[in-house]
Amino acid sequence: MTKSLSDLTREEIRQQLVELVGTDQVCLDEDELRAASVDRFKKYMAVNGIYDGPVPAAIVSATSTADVARLMRFANEHRVNVVPRTGATATEGGLETIVEDTVVLDGSRMNRILQIDTTNMMATAQCGVRLAALEDAARSHGLTTGHSPQSKPLAQMGGLTATRSIGQLSTLYGGIEDMVVGLEAVFPDGTICRTKNIPRRAAGPDIRHIVIGNEGALCFITEVTVKLYRYMPENTEYRGFLVDDMDVGISIIREVVTRGFRPAVCRLYSEEDAYQNFPALGRSRCVLIFICEGPKAITAVTAAEIDMVVSRHANQELGRSLIKEWFKNLNWGLDKILAERQTMLDEHWLGYTTEVSANWSDVGDIYKAVMHRIRTEYPYASDLTLLGAHSSHSYQTGTNLYFVYNYQVNCEPREEITKYHIPLNAIIVEETLEHGGSMVHHHGIGKYRTEWTEREHGSAYYMLRKLKEAFDPRDVMNKGTIFKVRED
Ligand SMILES: Cc1cc2nc3c(=O)[nH]c(=O)nc-3n(C[C@H](O)[C@H](O)[C@H](O)COP(=O)(O)OP(=O)(O)OC[C@H]3O[C@@H](n4cnc5c(N)ncnc54)[C@H](O)[C@@H]3O)c2cc1C
């Protein structure tokens, strides 16, 4: 727990918030406040009713950029810690309110799609627009955003931009950083900044990247403009194969991508992870998946290249309808969240992930090092019901690894986090950094990888730290996220 630096009491903060925006926009309900004190990093404790950190003073819903500016100015002046929030699907502690009397600033009521511009191929949405709603609107014009994270039904544009999110179709469309044309954000002193929506410019450094990925630690994102592409599902080609091991699968993906082909989906499941996704196939081989999207001539030639590269490794092809069905069921809406909650309560069983990235030459070593260390050094390895990984986002220079670990909780719910989640996450981060990779590929640093932020960035940490000092000099934005808590 971190002490509040505010000159106001909890009661005074609440009263002044009501004066600023009115009672309809200020939630003081104790159950909602408790739930808002954590995110999915502590999902097991939360379903068991355990909240071990400070409960926020209030959740304030902004309905306009002017509201956000007013609330940020108030928080900055009185040194009230602010945790920005939109879809609340965060997984790394970014929403955890570790400071007493925090205000959760919720943007989910800012949920208007402002423009679908079919000439310039871009869509502008307020921060609280769910990605699924924006995608539906784009599709009604025969277009797509190309963004398809598994949390698409729930995650909203502000959070998706703030975390540098990425979707399953990333090899073709890129991550959110490749999609954002321009944005609007509010800084702690109330300054509202808009960047221009133009295709490219060389007018100094690209300042969009101060905002994209800031995780609510520098500013509050109020509006985002993203690119649109033509949606042509009739041309989609599905491919799936059984391959002998991760090394073979990674080398196939590398060959396809570095030869200049861009299937939208390139995914490789390790043996155990494959079994979780395709139980009927057994657990002895890895599953390699490609999905090609776009104009017919391009999907046809990309699929032909995949078939040619794979045939050289003599791997067994899976039914294309199986892959199509798998893709249809990949996303997580409220139904899966509720089912997961029931499983945690009934079976004391759950799963987590830690995602990292590395160059082609290092990725195999990272996979082996993590597997080896967890199996040989982690004292509760026998409680693991699954330990695996998949590569799901590939680039010219390398790929990501999404480690997956499920376990049976054999302790009090309060101890789950320190016995399982934190040490397993730490092994993955440490081995990745040790082998030259990046400790976080797309979920953000949150509050549970801050220990390694300086090591991750090395000499470039100077620039990151300066951003915090320049834009949040009073240290009111999401304390403990990205940056370790600073003792004043
Ligand atoms: C089932 C599931 C599947 C997932 N799959 C993926 C995936 O495929 N790809 C992926 O990238 N991620 C995935 N995630 C992680 C998560 O969905 C993403 O990080 C998403 O971008 C968060 O969006 P959100 O609107 O829910 O943000 P929130 O959870 O509300 O917030 C996330 C972070 O951003 C900050 N933030 C939120 N709104 C703003 C704002 N307006 N301005 C500034 N900061 C803000 C918060 O303070 C927090 O640090 C998944 C999560 C779940 C639960």
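This report describes the ligand site, a pocket and the strand pairing of a predicted model.

## Basis of the model

Residues are numbered from 1 along each chain as its sequence is written, and side-chain values use heavy atoms, with hydrogens and water left out. In this predicted model local features need pLDDT of at least 70 and side-chain atom pairs count only at pLDDT 80 or more, while totals for chains, interfaces and linings use all residues.

## The ligand and its shell

Around the ligand there are 32 residues, of which Pro84, Thr86, Thr89, Ser151 and Ile166 come nearest; a residue is near if one of its heavy atoms lies within 4 Å. By class the shell holds 13 nonpolar, 16 polar and three charged residues. Here Ala, Val, Leu, Ile, Met, Phe, Trp, Tyr, Cys and Pro count as nonpolar, Asp, Glu, Lys and Arg as charged, and the others, Gly among them, as polar.

Oxygen atoms of the ligand lie 2.7 Å from a polar side-chain atom of Thr86 and 2.8 Å from a polar backbone atom of Ala90. A polar backbone atom of Ile166 is 2.7 Å from a nitrogen atom of the ligand. A polar contact is a pair of N or O atoms within 3.5 Å. Taken alone the ligand exposes 970 Å², and the protein buries 96% of that (areas by the Shrake-Rupley method with a 1.4 Å probe).

β3 (82–85), α6 (157–162) and β10 (220–227) each give two or more residues to the shell. The most come from α6, with four residues. Helices (H or I, at least four residues) and strands (E, at least two) are DSSP runs, numbered from the N terminus.

## The second largest pocket

The second largest pocket holds about 880 Å³ of space. Of its 37 lining residues, Arg164, Ile212, Gly213, His457 and Leu464 are the closest to its centre. On a 1 Å grid over the protein atoms alone, a pocket is an open set of points where a 1.4 Å probe fits, with protein on both sides within 12 Å along at least five of seven lines; lining residues have an atom within 4 Å of a point. The volume is the space filled by probe spheres set on the points.

The lining divides into 16 nonpolar, 16 polar and five charged residues.

## Strand pairing

Seven strands form an open sheet in the order β15-β12-β14-β13-β17-β18-β16, with antiparallel pairing. Its edge strands, β15 (316–317) and β16, each pair on one side only. Two strands pair if DSSP finds at least two bridges between them. β12 (residues 237–243) and β15 have two bridges, and Phe241 stands opposite Glu317 in β15.

Strands β5 (residues 113–117) and β6 (residues 122–126) pair in the antiparallel sense over four bridges.

Conventions. A polar contact is a pair of N or O atoms within 3.5 Å; within protein, one must be able to donate a hydrogen and the other to accept it, and residues adjacent in sequence count only if both atoms are side-chain atoms.
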